[in-house]
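Take a moment to look the model over before reading on.

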Amino acid sequence: MTIEPNKVVLVHYTLTEGTAEGDQIESTQGGEPLGFIFGVGMMIPQFEANLSGLKAGDEFAFGIKAADAYGEYDESALVEVPKNMFETDGKIPDGLLEIGNVLPLTDQEGNHFQAAVSWVGLDKVKLDFNHPMAGVDLFFTGKVETVREADPTELAHGHVHGNGGHHH
Ligand SMILES: [Zn+2]
């Protein structure tokens, strides 16, 4: 069985920065494989394009440019805001506004999103709304472990159940 739309795919992979020899970002080695339903929009399109047609046991190694992954780093996604918007009862919680901290935020319509603190001034902070992996070229090395039919519940939920997926 080859990888094609609506098949469940389990892979073990190591993600590095730029090339196979780059800094490791994450890896499934030694843990559960990554499980996903192919072709339903869960994964980066270029990731799926590189796996299309492979079968269990096949190995892969390919790069994806930042623009085709999490996007280029966007300077305009850095936003300066007044520090006092983080006050609770007139006080900014200790340790909240430190460079690198990822803050959960809610806008006026109730949408949730995240931003990282990138600069702290006297009465302002700069928030970085870029995806943490923006501007990073990705390189994947790994092996296809399993290719199988998705069952109807998996297709309805849009995710894999059991090994490599949701346990519920
Ligand atoms: Zn489910």
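Start with valine 8, whose bridge partner in strand S3 is isoleucine 37. Before going further, note that this is a predicted model, in which local features need pLDDT of at least 70 and side-chain atom pairs count only at pLDDT 80 or more, while totals for chains, interfaces and linings use all residues. Residues are numbered from 1 along each chain as its sequence is written.

Two strands pair if DSSP finds at least two bridges between them. As background, strands of a sheet pair through backbone hydrogen bonds, either parallel or antiparallel.

The hairpin of S1 and S2 has six residues between the strands, and glycine 18 takes a positive phi near 85° in it.

Now for what sits inside. The largest nonpolar core has 20 residues, and Val8, Val9, Val11, Ile37, Leu138 and Phe140 have the most contacts inside it. Such a core is a set of buried Ala, Val, Leu, Ile, Met, Phe, Trp, Tyr and Cys residues joined through C-beta atoms within 7 Å. A residue is buried if 20 or more other C-beta atoms lie within 10 Å of its own, exposed if 12 or fewer, and partly exposed in between, with C-beta atoms placed from the backbone. Strand S1 (7–17), strand S3 (34–37), helix H1 (45–51) and strand S9 (138–149) each supply at least two residues of this core, and S1 gives the largest share, six residues. Leucine 138 touches Leu15, Gly63, Ile64 and Ala69, leaving aside residues up to four places away in sequence; touching, or contact, needs C-beta atoms, placed from the backbone, within 7 Å.

Not counting residues up to four places away in sequence, phenylalanine 62 touches Asn50 and Phe140.

Next, look at the other sheet region. Four strands form an open sheet in the order S5-S8-S7-S6, with antiparallel pairing. Its edge strands, S5 (78–82) and S6 (102–106), each pair on one side only. Five bridges join S6 to strand S7 (residues 112–120), and valine 102 stands opposite alanine 116 in S7.

Finally, step back to the whole protein. It comes to two helices and nine strands, running β-β-β-α-β-β-β-β-β-β-α from the N terminus on. The domain assignment, which is automatic or from a database, gives domain 1 (7–70 + 134–157) and domain 2 (75–128). Their C-alpha centres lie 33 Å apart, and the C-alpha trace spans about 60 × 35 × 30 Å along its principal axes. Buried residues make up 17% of the 168 residues.

Conventions
Contact = placed C-beta atoms within 7 Å.
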